[in-house]
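I opened this model to find my way around it, and I kept these notes as I went along.

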Amino acid sequence: LSAYLVCDDFGDEWADYIAIDMDSNPPRLQFIHCKHKKESSSASDLQEPIGQAVKNLSRMSYGSSEFGEKIDRKWSHDYLTTNIARIRRGKTPVELKQAFANVLADPNTERSVVLILSGISLQHVTEQFTSLRVGNARPHVSQLLWILSWFVSACREHGVRPHIICQP
């Protein structure tokens, strides 16, 4: 199995988790951003995770030296003051460096950003967008549509697949 998962939370954070799967065809690089909040359709609640995701899109195409520096400086050490390893799946920092070099060098690599958002539900967002379409939406609904479409558009401009995982 050539799958790697790194906890990048806290500090110079590119994503909460960064995953590589070299066994998939094509190979995959994922930046995973997680945000837990109570359920809401407020665009303000999405600004932080979407902003973080968009500002780090370019890092998905950086050279392996950027990732190598992260491994040496941060990921090869435990999480903060715990005994929890930041390399959650994978073997050694050396193998992780090689995996990043391989995935970044492969022109077929599928890059994706995953937003895991407990504070929104597909059903609620669908209802809100339906109210927008029929002309009786509350003002914040257009802001919600705008911030979600901004995320999707920014990902596509960088050749990255956007994914949003939320409540049903």
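**Ground rules.** I noted that this is a predicted model, in which local features need pLDDT of at least 70 and side-chain atom pairs count only at pLDDT 80 or more, while totals for chains, interfaces and linings use all residues. Residues are numbered from 1 along each chain as its sequence is written, and side-chain values use heavy atoms, with hydrogens and water left out.

**Overview.** I found five helices and six strands in the protein, where helices (H or I, at least four residues) and strands (E, at least two) are DSSP runs numbered from the N terminus. Along the sequence they follow the pattern β-β-β-α-α-β-α-β-α-α-β. I then looked up burial, and of the 168 residues 41% are buried, where buried means under 20% relative accessible area, exposed over 50% and partly exposed in between, with a 1.4 Å probe and protein chains only.

**Helix H3.** I checked the length of H3 (residues 93–105): at 1.5 Å a residue its 13 residues should span 18 Å, and its end C-alpha atoms are 18 Å apart, which agrees; the expected span is 1.5 Å times one less than the number of residues. Its buried residues are Leu96, Ala99, Phe100, Val103 and Leu104.

**Helices H4 and H5.** I next asked which residues of H4 meet H5. Val125, Gln128, Phe129 and Leu132 in H4 meet His140, Val141, Leu144, Leu145 and Leu148 in H5, contact meaning heavy atoms within 4.5 Å. For H5 itself, the 18 residues should span 26 Å at 1.5 Å a residue, and the end C-alpha atoms are 26 Å apart, which agrees. Among the buried residues of H5 are His140, Val141, Leu144 and Leu148, and after this helix comes glycine 159, whose phi is positive, near 70 degrees.

**Proline 168.** I ended with proline 168, in the segment after strand E6 (161–167), and noted that this proline is exposed, with a relative accessible area of 75%. Proline 168 and leucine 122 are 46 residues apart in sequence, yet 5.2 Å apart in space, C-alpha to C-alpha. Leaving aside neighbours within four places in sequence, proline 168 is in contact with Ser121, Leu122 and Gln123.
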